[in-house]
Protein chains: 2
Amino acid sequence: MSTSLEFFFDFTSPYSYLASTQVERLAERTGARLVWRPFLLGGVFKATGNVPPLSVPAKGQYMLKDLQDWAREYGLPPLRLPPTFPIPSVKANRLALVALEQGRGPALVHALYRAIFQEGRSAENPDVLGAVAAEVGLVPEEALARIERPEVKDALRRNTDEAVARGAFGAPSFFIGEDLYFGNDRLLLVERALVRARGA
Amino acid sequence: MSTSLEFFFDFTSPYSYLASTQVERLAERTGARLVWRPFLLGGVFKATGNVPPLSVPAKGQYMLKDLQDWAREYGLPPLRLPPTFPIPSVKANRLALVALEQGRGPALVHALYRAIFQEGRSAENPDVLGAVAAEVGLVPEEALARIERPEVKDALRRNTDEAVARGAFGAPSFFIGEDLYFGNDRLLLVERALVRARGA
């Protein structure tokens, strides 16, 4: 039985974007089953008392450089970052849930992250969400209607509450069983743990 | 001319300890000149408005696990952590400056980090500082007297102020020229940058 790697991500989080470009190959290399879990970082911050890096100016300034360092490391184009953080992302995260229901999860995640962080498009603009939904084979009108359904709203809240209950305090968060790994920069340790799990 | 890699560290910082076990080999692999720069993390936090990870409970709990993950990754024994943070470290950091003056810097740094994070000894106990000083070939009475000298106190403050002026907000911090890298987990990017600098 293959080990599961749960990937909690939010479209507001540029570090989640960076990780999203790496997780599939990592899962492939290690034989892990990747589970995509959109959640709401704002809810995580509220529940844990954590704050975004940009609330400390020197940290925020470094983050802008650090993101570009990682983009270069991963062979990605320079990130386009919105003039203000946080990026509103509730609808985008719900759209990922809808795409996952319809077997288009990973495609939607990649296309939407690309729209936001490579093309500088707004994550909350319905036209952008609709265009990206169409791009990955969803029916835009249906998908945009579905993200307003109570069961989809609840599913996002449940993912968020569950991540917090299991110890998450930021994004991206990874779980291998109950073993938490926080941050794009922990993918190395995630990979080591998955290799050990396979050998065990 | 070889590129300099400046390593700002504080004995209060377990992530600086982890990095200290890796930096020399990294410098060797990349042909960089390693510059050891003790500074005072408390002063950095005060100047930048940053806060230690333990101020967010979920983050603090994760940190304790994460440190052990890195210790395992680096082939180090499990870290021994003091019951309360922050570990007072002003005298320890000044002792590193004194050891650097006398050509015993790296030896002192390794021996003192080992005493703190492998043996669980107090970083501010003069007996511990004296024993570690003796272990690396310093005269303990002289070294312990010298850490109270105004020029040594000033040197630690200067390192701290300089790191903040250059953008640092935590420990460990690395500089390649004016390019800042924050955290043990950025050693990969530090290495890439040094390799590029050599090839340039």
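Reader: Where does Pro172(B) lie in chain B?
Author: This is a predicted model, where local features need pLDDT of at least 70, side-chain atom pairs count only at pLDDT 80 or more, and totals for chains, interfaces and linings use all residues; side-chain values use heavy atoms, with hydrogens and water left out. Residues are numbered from 1 along each chain as its sequence is written, while chains are lettered from A and ligands numbered from 1 in the order in which they are written. Helices (H or I, at least four residues) and strands (E, at least two) are DSSP runs, numbered from the N terminus. Pro172(B) sits in the loop between helix H9 (150–165) and strand S3 (173–176) of chain B.

Reader: What is omega for the peptide bond that joins Ala171(B) and Pro172(B)?
Author: The bond between Ala171(B) and Pro172(B) is a cis peptide bond. Its omega is about 0 degrees.

Reader: And what is omega between Ala171(A) and Pro172(A)?
Author: Pro172(A) is in the loop between helix H9 (150–165) and strand S3 (173–176) of chain A. A cis peptide bond joins Ala171(A) to Pro172(A), with omega about -5 degrees.

Reader: Which residues is Gly183(A) in contact with, leaving aside its neighbours within four places in sequence?
Author: Gly183(A) belongs to the loop between strand S4 (179–182) and H10 of chain A. Gly183(A) counts as buried because its relative accessibility is 6%; buried means under 20% relative accessible area, exposed over 50%, partly exposed in between (1.4 Å probe, protein chains only). Contact means heavy atoms within 4.5 Å. By that test, Gly183(A) is in contact with Pro172(A) and Phe174(A).

Reader: How many Å apart in space are Gly183(A) and Leu26(A)?
Author: In sequence, 157 residues separate Gly183(A) and Leu26(A). In space, C-alpha to C-alpha, the distance is 15 Å.

Reader: Is Ser20(A) buried or exposed?
Author: Ser20(A) is part of helix H1 (residues 14–20) of chain A. Beyond four places in sequence, Ser20(A) touches Phe7(A), Trp36(A), Val109(A), His110(A) and Tyr113(A). Its relative accessibility is 1%, so Ser20(A) counts as buried.

Reader: Which residues does Gln22(A) touch, not counting residues up to four places away in sequence?
Author: Gln22(A) is in the loop between H1 and H2 of chain A. With 17% relative accessibility, Gln22(A) counts as buried. Gln22(A) and Tyr74(A) are 52 residues apart in sequence, yet 8.1 Å apart in space, C-alpha to C-alpha. The residues touched are Tyr74(A) and Leu187(A).

Reader: Is Thr84(B) buried or exposed?
Author: Thr84(B) is in the loop between H4 and helix H5 (90–101) of chain B. Thr84(B) and Leu54(B) are 30 residues apart in sequence and 10.0 Å apart in space, C-alpha to C-alpha. Since its relative accessibility is 55%, Thr84(B) counts as exposed.

Reader: What is the radius of gyration of chain A?
Author: Chain A has 10 helices and four strands. The radius of gyration is taken over C-alpha atoms, and the globule rule is 2.2 Å times the number of residues to the power 0.38. That rule gives 16 Å for 200 residues; chain A is close to it, so chain A is as compact as a globular protein of that length. The radius of gyration of chain A is 16 Å.

Reader: What percentage of the residues of chain A count as buried?
Author: The C-alpha atoms of chain A fill a box of roughly 45 × 45 × 35 Å, taken along the principal axes. Among contacts in chain A with a separation of 6 or more, 73% are between residues 24 or more positions apart. Of the 200 residues, the buried share is 52%.

Reader: Which C-alpha of chain A is nearest the axis that relates the chains?
Author: Copies are superposed by least squares on the C-alpha atoms of residues with pLDDT of at least 70 in both. A rotation of 180 degrees with 0.0 Å of shift along its axis puts chain A on chain B, with RMSD 0.0 Å. That is the relation of a two-fold axis. At 3.2 Å from the axis, the nearest C-alpha in chain A is that of Asp185(A).

Reader: What is the volume of the second largest pocket?
Author: On a 1 Å grid over the protein atoms alone, a cavity is a set of points where a 1.4 Å probe fits but cannot get out, and a pocket is an open set with protein on both sides within 12 Å along at least five of seven lines; lining residues have an atom within 4 Å of a point. Grid points are joined across faces, edges and corners, and a volume is the space filled by probe spheres set on the points. For the second largest pocket, that volume is about 610 Å³.

Reader: Which residues are the closest to the centre of the second largest pocket?
Author: The second largest pocket is lined by 27 residues. The closest to its centre are Trp70(A), Asp185(A), Leu188(A), Trp70(B) and Leu188(B).
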